[in-house]
Amino acid sequence: GFWLFNKAAVGKISLKRKDDGRYIATLQAETLGIIGLVTRHRKDTYITYMEEADNGKRFVTNIFDKTVTIGGTTRRTVTKLDYKKRFMSWKSWKKDKTIEEKEEEILPDTIYDDQLAAFYNFRFGTYGPIEEGREYYITTFPKNGEKTIYIKIAAKEEKNRRIHSSPDDVDYLADVIIDKELFGSQTGNVEILFSDDMVPV
């Protein structure tokens, strides 16, 4: 929700282990009510195929599949990462017509995390312990130059000041800056309220 709208959209995220040992993370979201009308009932589906690395200390993305439907128009982008050959490729379709297809080298000693892999890696402490006042810079797909996902955990005093209703129900307040194209945002700024076990509330 935002502003006067308590339920502007709904989303569901899941993580499943495949028979081959890889994992599939899925996020499905859609806008509702008045906001749904304004956004032409936008529906987003993100699917990430991941494998464990560093002895199970992190997820590494193999494929990131993003589908967005606005009104009657669907756009899909599939990004593939091959760390053995050190290259990534992506292809985009709009109404089943290819509109973009590119390849790019993966820099040495670099891992690109998509937003779902980053979400789970962050919760697992891959980028460091979860601490109030700490900042995190996560390398993500550099499709238009180098990009990062930025996360800052607010200090307790700031959290209590910004969350006026029942601040004790929220253990962490995170300010996140992601690719603004991910959700069709103008800024890419997201405020996330986490419970003690890092579940978004």
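Y23, F59, F119, Y120 and F124 form one aromatic cluster. This is a predicted model, where local features need pLDDT of at least 70, side-chain atom pairs count only at pLDDT 80 or more, and totals for chains, interfaces and linings use all residues. Residues are numbered from 1 along each chain as its sequence is written, and side-chain values use heavy atoms, leaving out hydrogens and water.

**Exercise 1.** Find how many aromatic pairs there are, then classify the pair F59 and Y120.

*Solution.* Step one: apply the rule. Rings of Phe, Tyr and Trp (its six-membered ring) pair if their centres lie within 6.5 Å; planes under 30 degrees apart are stacked, over 60 edge-to-face, the rest tilted. The count is ten aromatic pairs.
Step two: take F59 and Y120. Their centres are 6.5 Å apart and their planes at 90 degrees, an edge-to-face pair.
F59 sits in strand β4 and Y120 in helix α2 (residues 115–124), so the pair ties together parts 61 residues apart in sequence. Helices (H or I, at least four residues) and strands (E, at least two) are DSSP runs, numbered from the N terminus.

**Exercise 2.** Decide whether T61 is buried or exposed, and find its side-chain polar partner.

*Solution.* Step one: T61 lies in strand β4 (residues 58–70).
Step two: its relative accessible area is 0%, so T61 is buried. Buried means under 20%, exposed over 50%, partly exposed in between (1.4 Å probe, protein chains only).
Step three: the T61 side chain makes a polar contact with the side chain of D114, at 2.5 Å. Such a contact is a pair of N or O atoms within 3.5 Å; within protein, one must be able to donate a hydrogen and the other to accept it, and residues adjacent in sequence count only if both atoms are side-chain atoms.
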